[in-house]
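Please look through the sequence and the model shown here before reading on. The report is written for a reader who is new to protein structures.

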Amino acid sequence: MDLEVVLKRFEAPDEVREFDLGKFELVSLRGMTIGRATYQPGWKWSVHVGAALGQTSCLVEHVGMVVSGCAVAAMDDGRVIEMRAGDLFYIPPGHDSWVVGDEPYVSLHFMGAEDYAAHD
């Protein structure tokens, strides 16, 4: 039986994926990858992440929690969902997203982090 305790912090992430107006920090714990997204006002997924990947829609499935700020998830089917601090979210593949307002948006990602903004 492995009783090792593992403590990590986002101040020393295992990996950082940086792009214009944002970054995505990853920490791995016992086979699970957790991400922290930090996006500045004006950030939009299709412009600042998707364009570099040749995609107009995010194809990653997300489960997470908004820590601060506000953002929108705009689904390919036309639904638009606003997410604020304290919200837990599930967002299926097929969406765009952008920061709302003049405050940075920060969220934790418990599912989908390993594939997010990854370059092949």
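Predicted model: local features only at pLDDT ≥ 70, side-chain atom pairs only at ≥ 80, totals over all residues.

Residues are numbered from 1 along each chain as its sequence is written, and side-chain values use heavy atoms, with hydrogens and water left out.

**The two sheets**

Strands of a sheet pair through backbone hydrogen bonds, either parallel or antiparallel. Strands here are DSSP runs (E, at least two residues) numbered from the N terminus, and two strands pair if DSSP finds at least two bridges between them.

An open sheet is built from six strands in the order β1-β2-β3-β9-β4-β7, and its pairing is antiparallel. At its edges stand β1 (15-19) and β7, each of which pairs on one side only. Neighbouring strands of this sheet are turned by 25 degrees against each other on average, direction ignored, where the axes are lines fitted to C-alpha atoms and angles run from 0 to 180 degrees between N-to-C directions.

Another open sheet has three strands in the order β6-β5-β8, again with antiparallel pairing. Its edge strands, β6 (80-84) and β8 (95-99), each have a single partner strand, so one side of each is left without a neighbour in the sheet. From one strand to the next, the twist averages 20 degrees.

| β5 (residues 70-75) and β6, antiparallel | five bridges | A74 with V80 |

**A loop residue, G94**

G94 lies in the loop between β7 (88-91) and β8. Is G94 buried or exposed? Its relative accessibility is 7%, so G94 counts as buried, since buried means under 20% relative accessible area, exposed over 50% and partly exposed in between (1.4 Å probe, protein chains only). Leaving aside neighbours within four places in sequence, G94 is in contact (heavy atoms within 4.5 Å) with S57, C58, L59, A74, M75 and D76. From C-alpha to C-alpha, G94 and A73 are 9.8 Å apart in space, although 21 residues separate them in sequence.

**Aromatic rings**

The structure holds four aromatic pairs. Rings of Phe, Tyr and Trp (its six-membered ring) pair if their centres lie within 6.5 Å, and planes under 30 degrees apart count as stacked, over 60 as edge-to-face and the rest as tilted. F24 and Y116 form a tilted pair, with 4.6 Å from centre to centre and 55 degrees between the planes. This pair links distant parts of the chain, as F24 belongs to strand β2 (residues 22-29) and Y116 to the segment after β9 (105-111), 92 residues apart. Both F24 and Y116 are buried.

Y39 and W43 form a stacked pair, at 3.6 Å centre to centre and 5 degrees between the planes, and both Y39 and W43 are buried. Ring pairs also link F19, Y39, W43 and Y105 into a cluster.

**Cysteines**

A disulfide is a covalent bond between the sulfur atoms of two cysteines. With the cut-off for the two sulfur atoms set at within 2.5 Å, a search of the whole structure finds zero disulfides. For C58, the nearest cysteine sulfur is that of C70, 18 Å away. C58 is buried, with a relative accessible area of 2%, and C70 is buried as well, at 5%.

How values were computed: Helix = DSSP H or I, 4+ residues; strand = E, 2+ residues; numbered from the N terminus.
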